[in-house]
Amino acid sequence: MSPKGECRSAEHEGTLMIGLSRIAVTLALTGALSAHAQVTTPASSPPASPAKKELVQKLLLQQQPAVERLARSLAEEPAARLMQQAGAALQTHVPPDKREAAAKKIEADVRKYVDEAVPLVRERAIKLMPSTIGTALEEKFTEDELRQLLGWLESPVNKKYQQMAPELQDTLVKKLVADARPAIDTQLKALEANVIKALGVPVPGASAPAPSTTKPASGARPGSASSGPTKP
């Protein structure tokens, strides 16, 4: 791999590992912890009982699919952002006859990156669960609270709600888009016009001003004022 390739690889891994730090505060996955909780281990804190540790392990196992989805999202986020930037660059920096081949090459590279990055981030996320989410659960919850939390997460009511959550969100999004679009469209068009004006590019769909067909008077220089009104 070239030095530039190694640099890009290190940059991607650094971006992913920065994103992984969010897992430590994504304790909302348990439905009870604050995302701003700081995980600390007091020196005098007594060790958790075997029963408590067992409850924590059950909670971690129950939440592992959610953490895996989070890890996938974190791994794919930089690639999705890069694809958007590449799409814009294709239109402005690549000749039309070479765009299709370049797009296919970019898609293949992004697919290869995702195939390699997702398992890496997922493995590290699972490895970090006990020392982040697990430690916080041991410190912030009593055994009885952990039993109640585990009972809720495994309850048929919660499972039914989790199954319906995407449908509920989709319904809200559709209604929101339909309701907000009339108000947003006007502002969006104004923003688009201001951006185009700042860039100094022609407005899409606008026709160029027609050239003047008026001929200068005989003997007059182009652009000079007429010496007086023309006699009939």
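**Salt bridges in a predicted model**

Good morning. I begin within helix α2, where K58 and E54 lie four residues apart, about one turn of the helix. Helices here are DSSP runs of H or I with at least four residues, numbered from the N terminus. The model is predicted, so to speak of its local features requires a pLDDT of at least 70, side-chain atom pairs count only at pLDDT 80 or more, and totals for chains, interfaces and linings use all residues. Residues are numbered from 1 along each chain as its sequence is written, and side-chain values use heavy atoms, with hydrogens and water left out.

K58 and E54 form a salt bridge, their closest N and O atoms being 3.9 Å apart. The term denotes a side-chain nitrogen of Lys or Arg within 4 Å of a carboxyl oxygen of Asp or Glu. K58 is partly exposed at 40% relative accessibility, and E54 is partly exposed at 47%. Partly exposed lies between buried, under 20% relative accessible area, and exposed, over 50%, with a 1.4 Å probe and protein chains only.

Let me turn to helix α3, residues 96-128, where E100 and K104 are four residues apart and thus separated by about one helical turn. Their side chains meet in a salt bridge of 3.5 Å, N to O, and both residues are exposed.

Which parts of the chain does the pair of K53 and E138 link? These side chains meet in a salt bridge of 3.6 Å, N to O. The pair joins distant parts, with K53 in helix α2 (residues 50-93) and E138 in helix α4 (residues 130-140), 85 residues apart. K53 has a relative accessible area of 39%, and E138 has 24%.

By this rule, the count comes to nine salt bridges. Thank you.

How values were computed. Helix = DSSP H or I, 4+ residues; strand = E, 2+ residues; numbered from the N terminus.
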